[in-house]
Amino acid sequence: YDISIHKYQISLSSKLKKEISDSRLFVKKKLEESEPIYGINTGFGKLSQIKIDSLDINELQNNLLISHAVGVGDDTPDIIVRIILLLKIISFTKCNSGISLNVVEMLVSLLNNNCLPVIPLKGSVGASGDLAPLSHMALVLTGVGDVRYNGKLMTAKKALKKMFLKPIELGAKEGLALINGTQFSTAYGVFCLKKLKDLFKICDLTSAMTIEGLKGSKKPFLDYVNKVKPYKGQLDTCKNIISILKNSEIMDSHKNCDRVQDMYSLRCIPQVHGSARDLLYFSIKQVNVEINSVSDNPLVFKDKNTIVSAGQFHAEAIGHSLDISAMAVASISNISERRIFSLLKGDYGLPDFLVNNPGLNSGFMMLQVTAAALASENKLLANPSSVDSIPTCSDQEDYVSMAPYSARKLFDSINNFEIILSIELMCACQAIDFRKGLKPAKVLNILHKLIRKHIPFLDKDRLLKNDVDLLVKLINENYLLNKVNKYISII
């Protein structure tokens, strides 16, 4: 993720270059034995029973890319494409693909020069690998297709010329190695899960601000209360909330109030946020395994003197991981929307819709509607894609993962969640302003001032979309989180 954001330069060590070259020599040696090896001297999928003449092996690899580059839809975001390139390079560094050093170094050059293949979003079922999107990526190495070179759209051929590179002629297995992988789906996983990890921190800050705004209790977050149900995510959430709520004048002002307990959207934050965190933790663990694995077929085992056809291109693990992350996002989106609703009800000494002179002014009324719409959409996006399968390639590929859609819908749901969080944070800050000058907890007071620096108190109706867009930007760029991190460590 950091490499994709900060555009670091990467290189291959001398030792690794030798290992890649040795693996490639092993493939060439096996070709000389004339035994059928899937995708190297045979056709693909159901056509794997057809032996390919040695004179046609190079043409076979080029035909593979041309025939499989059938992606449709909008272009994949550039940051995802950067991660795809890096993941493909990492997979090749395991030296189980038999790829030539020239191909790997070309991928490194693309990444280092910010030359990003144009990859259509749709067209992959996540097995046998993300074939269509990776074919569009791989064709660029041969000088075919389009790229964004430092943000400018141009042909691959022109971009390679600008980088003083010649198009590659692919040899045996190389086209197959380039496209038989989960890198499209996994790249989305890398981006989405890192972003979601940061949003969970913002979520705890935001919900703590809402607790203050609604004069809620912090007792449900106490350590000894939650150790009787010690889920890691629940304990982490409570540790965050208790830490955030330290030194609060608002909390002190209602110590002896007559409220027995808060609504679930406050009181059950440990259970809901916590369980969502546990799903995120699992997903991150799975994606980290995938990042550091070989995703290809067939696999080259030089030390075993064999090449094996298996199913390491299958993205079921990624599909499952990203689907449960979408479930986590749906849950915390929904509970955030419920807290927004509670802030606007006019209870606990707050005015209706958090505005002076309600009636003449609608205040934050419609922002709750927006949050409800997005939370509802996220419920739909939480329907798992990975439980689906549709046979392809004349039943040779008879069970597929559908991970690419798991990836794309998680991306969409996280964007929705970011907006919902922004709305809750705006409403919670407004509620704090109605607390008669009492200060919230120290960290929240700092956060409140940061937001008020950019978004003023809503005294009367104004165009709130601009405020939401600005707050989304502040969250998305980690401006708020980076500022708050100077004063508190949030898990």
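In this protein, residues 24 or more positions apart account for 80% of the contacts with a separation of 6 or more. The model is a predicted one. The protein has 491 residues, of which 55% are buried. Its secondary structure consists of 20 helices and 7 strands, and the C-alpha trace spans about 85 × 50 × 45 Å along its principal axes.

Three strands form an open sheet in the order 2-4-5, and their pairing is antiparallel. Strand 2 (115–117) and strand 5 (152–155) are at the edges; each has a single partner strand, so one side of each lacks a neighbour in the sheet. From one strand to the next the twist averages 35°.

Strand 4 (residues 146–149) pairs with strand 2 over 3 bridges in the antiparallel sense. Within this pairing, P117 has V147 of strand 4 as its bridge partner. Strand 4 also pairs with strand 5, again in the antiparallel sense, over 4 bridges. Here the bridge partner of D146 is T155 in strand 5. Strands 4 and 5 form a hairpin with 2 residues between the strands, where N150 takes a positive phi near 50°.

The side chains of a regular strand alternate between the two faces of the sheet. In strand 4, V147 and Y149 make up the covered face, while D146 and R148 make up the uncovered one. R148 also belongs to a network of salt bridges that links it with D75 and D78. Helix 4 (residues 78–92) lies across strand 2 and strand 4 and runs at about 95° to strand 2.

**Packing of helix 2 and helix 5**

Helix 2 (residues 14–32) packs with helix 5 (residues 101–112) at an angle of about 135°, and their axes are 9 Å apart. This angle makes helix 2 oblique to helix 5. K17, I20 and S21 of helix 2 make the contact with L101, V104 and E105 of helix 5. The residues of this contact comprise 3 nonpolar, 1 polar and 2 charged.

**Salt bridges**

The structure holds 22 salt bridges.

| Pair | N to O distance |
|---|---|
| K232 and D236 | 3.1 Å |
| D433 and R452 | 2.7 Å |
| K473 and E477 | 3.2 Å |

What separates K232 from D236 along helix 11 (residues 232–244)? The two are 4 residues apart in that helix, which means a separation of about one helical turn. D236 has a relative accessible area of 8% and counts as buried, because the cut-off for that class is under 20%.

The salt bridge between D433 and R452 has its closest N and O atoms 2.7 Å apart. This pair links distant parts of the chain, with D433 in helix 17 and R452 in helix 18 (residues 442–454), 19 residues apart. D433 is partly exposed, with a relative accessible area of 29%.

In the salt bridge of K473 and E477, the side chains meet at 3.2 Å, N to O. K473 has a relative accessible area of 45% and is partly exposed. E477 is also partly exposed, at 48% relative accessibility.

Helix 17 (residues 403–433) contains C427. Is C427 buried or exposed? Its relative accessible area is 0%, so C427 is buried. Which residues are in contact with C427, leaving aside its neighbours within four places in sequence? They are I340, L343, L344, L354 and F364. G363 and C427 are 64 residues apart in sequence, and their C-alpha atoms are 9.8 Å apart in space.

Helix 17 thus holds both C427, which is buried at 0% relative accessible area, and D433, which is partly exposed at 29%. D433 forms its salt bridge with R452, whereas C427 is in contact with residues including L343 and F364.

How values were computed. Residues are numbered from 1 along each chain as its sequence is written. This is a predicted model: local features need pLDDT of at least 70, side-chain atom pairs count only at pLDDT 80 or more; totals for chains, interfaces and linings use all residues. Side-chain values use heavy atoms; hydrogens and water are left out. Buried means under 20% relative accessible area, exposed over 50%, partly exposed in between (1.4 Å probe, protein chains only). Contact means heavy atoms within 4.5 Å. A salt bridge is a side-chain nitrogen of Lys or Arg within 4 Å of a carboxyl oxygen of Asp or Glu. Two strands pair if DSSP finds at least two bridges between them. Axes are lines fitted to C-alpha atoms, for helices over the stretch in contact, and angles run from 0 to 180 degrees between N-to-C directions. Angles under 35 degrees count as roughly parallel, over 145 as roughly antiparallel, 65 to 115 as roughly perpendicular and the rest as oblique. Ala, Val, Leu, Ile, Met, Phe, Trp, Tyr, Cys and Pro count as nonpolar, Asp, Glu, Lys and Arg as charged, and the others, Gly among them, as polar.
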